[in-house]
Amino acid sequence: MRAVLTWRDKAEHCINDIAFKPDGTQLILAAGNRLLVYDTSDGTLLQPLKGHKDTVYCVAYAKDGLWSPEQKSVSKHKSSSKIICCSWTNDGQYLALGMFNGIISIRNKNGEEKVKIERPGGSLSPIWSICWNPSREERNDILAVADWGQKISFYQLSGKQIGKDRALNFDPCCISYFTKGEYILLGGSDKQVSLFTKDGVRLGTVGEQNSWVWTCQVKPDSNYVVVGCQDGTISFYQLIFSTVHGLYKDRYAYRDSMTDVIVQHLITEQKVRIKCKELVKKIAIYRNRLAIQLPEKILIYELYSEDSSDMHYRVKEKIIKKFECNLLVVCANHIILCQEKRLQCLSFSGVKEREWQMESLIRYIKVIGGPPGREGLLVGLKNGQILKIFVDNLFAIILLKQATAVRCLDMSASRKKLAVVDENDTCLVYDIDTKELLFQEPNANSVAWNTQCEDMLCFSGGGYLNIKASTFPVHRQKLQGFVVGYNGSKIFCLHVFSISAVEVPQSAPMYQYLDRKLFKEAYQIACLGVTDTDWRELAMEALEGLDFETAKKERKKRGETNNDLFLADVFSYQGKFHEAAKLYKRSGHENLALEMYTDLCMFEYAKDFLGSGDPKETKMLITKQADWARNIKEPKAAVEMYISAGEHVKAIEICGDHGWVDMLIDIARKLDKAEREPLLLCATYLKKLDSPGYAAETYLKMGDLKSLVQLHVETQRWDEAFALGEKHPEFKDDIYVPYAQWLAENDRFEEAQKAFHKAGRQREAVQVLEQLTNNAVAESRFNDAAYYYWMLSMQCLDIAQADRAQKDMMLGKFHHFQRLAELYHGYHAIHRHTEDPFSVHRPETLFNISRFLLHSLPKDTPLGISKVKILFTLAKQSKALGAYRLARHAYDKLRGLYIPARFQKSIELGTLTIRAKPFHDSEELVPLCYRCSTNNPLLNNLGNVCINCRQPFIFSASSYDVLHLVEFYLEEGITDEEAISLIDLEVPRPKQDNRQQEIANSSSQILRLVETKDSMGDEDPFTAKLSFEQGGSEFVPVVVSRLVLRSMSRRDVLVKRWPPPLRWQYFRSLLPDASITMCPSCFQMFHSEDYELLVLQHGCCPYCRRCKDDPGP
């Protein structure tokens, strides 16, 4: 065990107590009347906490609260003496109290005393620190007690003492357990913190201090320790527990719990524990000997018997003497102590017999065997020197000297080769006699020779295990840890603190020897452990190489004693085939004779040998003959043989590879429909050979409609696919989705969108439309962009109708796309006017479109729309029509924008010439509100609404004039169907008095027309009082009742019949003589004459492209 100081700090006052945050990231300590919070990672003081007026003696982090919820106050109980320390059990049911009079009181959570422990020292031994063991593995709760009688003791919950008191020789001030209860920390007047086992055995010193240690704690779930002292010093240590172990062949001994030694048999997995009850410092194991070094002595153990599986050890000798050494080695009659550059050989009685002084530090030492009392040692030094030492000889033998320091060593079984791992992680293999470097391999941290094979070694490094046989390439596989031994097919690997035996098949090195025709060496490798298949392969290779001795050994190894069978194999390899066949038959292995004849393509001999035997054998023979025909490039003969043998799949493969369509369909027609595999293969080949008709016939025979659909789709036979889809609707997606993709690939995007929509793939339909729209905008086809945006909006409306979860989002997109469609539809005329030399639109239309766009554009101008072109067109047409004030405004706006070079001269000239014009607009151009008869300015800051009544203007989708329409809303409780039926009545209007009632609330204003039946009047109740002074800043919609609806004429009302979840929209024409037409698909309004002319020109609606013969939605 080694303690490393991580960080240290000093406070102004004595450190009375320390507590860790449960996750270990922070610690809080009490220093005088202040609390200090530290970061445990680097010792940074995070913050000092003030507020206490007196000294703080104890701190703790809350885990589960202080009181139970039902308690409103703290329970108080009297004590017979001053309480110095306390500790709760793990389950929180009992509290142990340590008192100044030397008594320990154990109470339940209600304060009742259950156990009272009186210590022998009484008041002369105050109980200064107590702590319950936190381990969950202990059967009983164990209480550790440290008193100022300078003793440490252990008690059960019942009050029974465990073991005897252990003397400390100092006054303990603090005691604490590690998280799992395996160790104890103790500090006090000896000015240091000591580490003890859970049984009270002292293991070592954690850190020496300059004053008394008042508190010490362990960081949760770690090996970090913090110490607080009288002088205010805070020290943070990391405890490093090194691995103490030893290995000899299949026995591995290692330290456990610092005071025990466990010996493990790596083959049988047996374990035995030796309790030493003191700190185990070193372990060495050799044959039947085991040496354990303790602080004041060395124990020598031996096995009870010579049995290789015996695990019972007994003490042979004790050397009662304290030794300081870096390495410990045990032999049959001696122990070897390594002390830096010196080796000492001691007898089991402790007498030093020999000593060797080395030139450099000893880095590695290993016993390599020998007679008892004359064992040999292999020693590696830091200066690269490697020596061999015999324990009965004073003179060391230098085996070789290399340039780099030695890290690991091993000698081969015959003592002829030496493997070294140096400090550069290189494995070097030398010939000991010639000192020649045979080979070297990189990335090695440890190496071991196979104890049963001279030419095999393994080394580990970089997360891999490497096995090397002779000078062949390395065979590599993943493995974590260090290689410490290699015995037969087992490799012993040390990972962290445990060792394991890894079974490694020796197939790879065996085949390496076979490739070189080294059969004897391959046999030796196979004896270490290979599979039955590998043994068979070894025998066959040996026979082919005429090494009959090795082949015979292999058969005996596998337990085959049939000499006739072995002799038959020999005859077959010697070319005596008929004799071999007779021997095979006599040994009962006729199948081997058939295999021999067929492998040699001697089919006639095979038929004679078989005679009229088993039909299965006959079929096998025909198949073999067909295989031979196929291999000698006689495919048609092979097909006929395969068909006669019933091997239809192979026959089909040959026909398919050679493109014989006629033979394929002939085979398919002869096959039964239950034979799906060959039929499916036939159809696959027919499809590849561009014979979809025959493939379809085959699929129909199988009844595989899904594959038939896929065939029609892949061959683009859409009519057949659609016909099949009509009969079997479950394949609709399998047809229309690929059809839509095919249309899209062939630039028929609109049809593709409709196909996606028909297949129910709304997402793909929307994606196609979005791509079409983006392309149209990028290519300045703004009329197409408007059309696609309108289709997108209607697609979103369909989704909102079908999916309630997306309703709000889709309705928002619907309105957004509708607005974009209107903008791009109008902008198309502006773009054509500025780009084309001749304009097809009247100046009034361009003037109206420019005003409409200027008032409708959002803050972020849509992609592709140019404000410069809109303002330029507006300025030009305003000037031509006499709207000089608006033209001035447009030219002023253009001055703040980037002007393309081709417009620069025209705009500059227009800016100059407009100054000569009057500063007013022509009254003929001023738009009129048909609701309140207010003349609106040409430039309206409110947008496309009336400045007086806020009524939105309704524009013609062709000329963009303001239409004489007023939108009205239905009174609450009137359904759309009822409203239409009331309008369709067209009954004579009764004389009545309409009164206008305005209702205002926080969110809206409503203008309601109230009828009084007994009033007299001739005017229309809808138009009676629409003209009024608004006065307010909010729009007041027109709401009509049933009576007003009944008074309306059907020819004066236009209804936008939106599908759900939208409401219908109602519009009243205030000039019935001027005809207005609404498209039944897109619900855009037109002057009837304009609409009829446009439909005649284009054959469809100019907005939604609905053909005149198509029905409405």
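Which residues does S922 touch, not counting residues up to four places away in sequence? The views below take that up along with salt bridges and cysteines.

This is a predicted model, in which local features need pLDDT of at least 70, side-chain atom pairs count only at pLDDT 80 or more, and totals for chains, interfaces and linings use all residues. Numbering starts from 1 along each chain as its sequence is written, and side-chain values use heavy atoms, with hydrogens and water left out.

**View A. S922 and its contacts.** S922 touches L881, G882 and A883, leaving out residues up to four places away in sequence; contact means heavy atoms within 4.5 Å. S922 sits in the loop between α25 (901-913) and β48 (965-970). Helices (H or I, at least four residues) and strands (E, at least two) are DSSP runs, numbered from the N terminus. From S922 to A883 the C-alpha distance is 5.4 Å, across 39 residues of sequence.

**View B. N848 in helix α22.** The helix spans residues 843-856. N848 is buried at 12% relative accessibility. Buried means under 20% relative accessible area, exposed over 50%, partly exposed in between (1.4 Å probe, protein chains only). Neighbours within four places in sequence aside, N848 contacts S959, Y960 and D961.

**View C. The D165–R119 salt bridge.** N and O are 3.5 Å apart here. A salt bridge is a side-chain nitrogen of Lys or Arg within 4 Å of a carboxyl oxygen of Asp or Glu. D165 lies in the loop between β12 (151-156) and β13 (166-167), and R119 in the loop between β9 (113-118) and β10 (127-132), so the pair ties together parts 46 residues apart in sequence. D165 is partly exposed at 28%; R119 is buried at 5%. The whole structure holds 28 salt bridges.

**View D. The R314–E302 salt bridge.** The N to O distance is 3.3 Å. R314 is in strand β28 (residues 313-319) and E302 in strand β27 (residues 298-303), twelve residues apart. R314 is partly exposed, at 36% relative accessible area. E302 is buried, at 14%.

**View E. Cysteines without a disulfide.** The search of the whole structure finds zero disulfides. A disulfide is a pair of cysteine sulfur atoms within 2.5 Å. C458 is in no disulfide either; the nearest cysteine sulfur, in C493, is 9.4 Å away. C338 is buried at 1%, and C458 is buried at 0%.
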